[in-house]
Amino acid sequence: MSSTPTACLVLADGTVFYGQGFGATGTTVAELCFNTAMTGYQEIMTDPSYAGQVVTFTFPHIGNTGVTQEDDETADPVAAGIVVKWDPTAPSNWRSQQDLSAWMESRGRIGMGGVDTRRLTRAIRAQGAPHVAMQHAPDGKFDLEGLIAKARDFAGLEGLDLAKEVTCAQSYTWDEMRWAWPDGFPKRTTPGHKVVAIDYGAKRNILRCLASAGCDVTVLPATATAEDVLALNPDGVFLSNGPGDPAATGEYAVPMIQEILTKELPVFGICLGHQMLALALGANTIKMNHGHHGANHPVKDMETGKVEITSMNHGFTVDSQTLPAHVMETHVSLFDGSNCGIRVKDKPVFSVQYHPEASPGPQDSYYLFERFAAEMAARA
């Protein structure tokens, strides 16, 4: 290092990485993951699915386009912190409203640059999403033994229900559609399919995609009951993405979903919502070694043979070996063969592990929103 380190990252095994801090000062303790996306760092940091995690970006150019309020997936950053190869540079983009470091400082999130992220990514792959403590101290003074103890004491995400921490406090309606040049986010002005979206940590661009597909969306908190959902007389039910251990969230979500499934309504789930649906259908979920995080993951549609390049963010997965006979595995990861989608035979009920809203990432999978809308239209 050419100057005194002002930040350090300590793994539970005692490994220490030094770098230059930016954003807020202080200490955070979390699970460490890596993300391979080449764009969309702001969407990633504000994705509620990253609650309880520090994100290492394998792509080095983080911060070069600044930040803009339009790209937030929720009101504030949810990721505990970020680690990058190069210190963020001054932003160069016509949409930028603020530089990354100032944005993070104002929102209490720690960043660390000047790190060999290739070596750190190898450590994550080898150790399986290690527990870490990260500190930004401008004076360069670190209590390494104390930080190691904090990392070792961190309980991890297994058994942790984080959906309750990131869900909405009360219900609300959503009519904003996908961003379009030159007007930004247009509003839905015509009646559409009545969709109830269960918010386990929903991204705004998922709600925009539902609106763009012809849906009038009402969002309910993660703890909503089947009675709450059915009181709105929906044409379909959407189960959102979110953080934490699906088995923990399933304690209250699964009974609600199981009752909804008896009503023959179209149901569509994404990410944690996919896992919630699988649990409700009788399958199990398991913790992955280091998870899938990126915007370049190939997924095969087992029914059509097509390969989609997808955006992913999950540390747990559905165990396909536990799927009951009436549930089809529709999509699989071409990286490791893990489950990426299911469908109930002879029912309008399906879900995917990846993120078809493409924020950030490719748009190969947007058709899933249209499929959901078509299922509702067929039953109108």
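How many aromatic pairs does the structure hold? The structure holds seven of them, where rings of Phe, Tyr and Trp (its six-membered ring) pair if their centres lie within 6.5 Å, and planes under 30 degrees apart count as stacked, over 60 as edge-to-face and the rest as tilted.

## About the model

This is a predicted model, in which local features need pLDDT of at least 70, side-chain atom pairs count only at pLDDT 80 or more, and totals for chains, interfaces and linings use all residues. Residues are numbered from 1 along each chain as its sequence is written, and side-chain values use heavy atoms, with hydrogens and water left out.

## Aromatic rings

Phe238 and Phe268 form an edge-to-face pair, 5.5 Å from centre to centre with 65° between the planes. Both Phe238 and Phe268 have a relative accessible area of 0% and are buried (under 20% relative accessible area, with exposed over 50% and partly exposed in between; 1.4 Å probe, protein chains only). The rings of Phe268 and Phe350 are stacked, because their centres are 4.8 Å apart and their planes are at 25°.

Phe238, Phe268 and Phe350 belong to one aromatic cluster that also includes Tyr366, Phe369 and Phe372. The charged end of Arg371 sits over the ring of Phe350, 5.7 Å from its centre, the rule being that NZ of Lys or CZ of Arg is within 6 Å of the ring centre and within 35 degrees of the ring normal.

## Cysteines

A search of the whole structure finds zero disulfides, a disulfide being a pair of cysteine sulfur atoms within 2.5 Å. The cysteine sulfur nearest to Cys33 is that of Cys271, 12 Å away.
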